[in-house]
Amino acid sequence: MKKKIIITISVIVLLIILSFIIWKLTYTIPEDYNLILTNNMSHVDGPDKTYYIYDDKIIVETKSYFPDGQNPFGLNQNHTIEIFNDENSINVNTLDGVYNLIKNKDGKTVYNVWK
């Protein structure tokens, strides 16, 4: 009887851990944004960033590319998505406005994958 309880509990814990990992590896950016701004750079100058402007938040999608051999295990692409909650984001309509609004603020990273 104790063995069945231990197996059941371990299966439940394993399912919870797997669901958390799968949730962290997938994130879909909502389509109801007001404005999209992009800042595409060369691989030498910096990452490609796309800013999705909503009424109450800004989502920043960053794609970084690195030369082969610069990162461990041969991973040379990083894709991150951060959410910055701000009530003033409805007034943003330029890249400078986005930079000024999220400057010195910490966003919540909801997606971070190396390829």
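Figure 1. The buried residues of H2 make contact with strand E1 (35-39), strand E2 (48-53), strand E3 (57-65) and strand E4 (77-85). Contact here means heavy atoms within 4.5 Å. This is a predicted model, so local features need pLDDT of at least 70 and side-chain atom pairs count only at pLDDT 80 or more, while totals for chains, interfaces and linings use all residues. Residues are numbered from 1 along each chain as its sequence is written, and side-chain values use heavy atoms, with hydrogens and water left out. Helices (H or I, at least four residues) and strands (E, at least two) are DSSP runs, numbered from the N terminus.

Figure 2. Within H2 (residues 95-102), the buried residues are Val 98, Leu 101 and Ile 102. Looking down the helix axis, you find these buried residues within an arc of 80 degrees, so they line one face of H2. That arc is taken from the directions from the helix axis to the C-beta atoms. On the face turned away from the buried side sit Asp 96 and Asn 100, both exposed. Buried means under 20% relative accessible area, exposed over 50%, and partly exposed in between (1.4 Å probe, protein chains only). After H2 comes Asn 104, with a positive phi near 65 degrees.

Figure 3. Zoom in on Ile 53: leaving aside neighbours within four places in sequence, Ile 53 is in contact with Tyr 33, Asn 34, Leu 35, Ile 58, Ser 89, Val 92 and Val 98.

**Figure 4. The five-stranded sheet.** The 5 strands form an open sheet in the order E1-E2-E3-E4-E5, with antiparallel pairing. At the edges are E1 and strand E5 (108-114), each pairing on one side only. Two strands pair if DSSP finds at least two bridges between them. E2 and E3 pair over 6 bridges, and a hairpin of 3 residues joins E2 to E3. Tyr 52 has Ile 59 in E3 as its bridge partner. E3 and E4 pair over 9 bridges, and here Val 60 is partnered with Glu 82 in E4.

**Figure 5. Ser 64 in strand E3.** Ser 64 belongs to E3 and counts as buried because its relative accessibility is 15%. Apart from neighbours within four places in sequence, Ser 64 touches Pro 47, Asn 76, Gln 77 and Asn 78.

**Figure 6. The whole protein, for orientation.** The protein has 2 helices and 5 strands, which run α-β-β-β-β-α-β from the N terminus on. Of its 115 residues, 26% count as buried. Among contacts between residues at least 6 apart in sequence, 52% join residues at least 24 apart.
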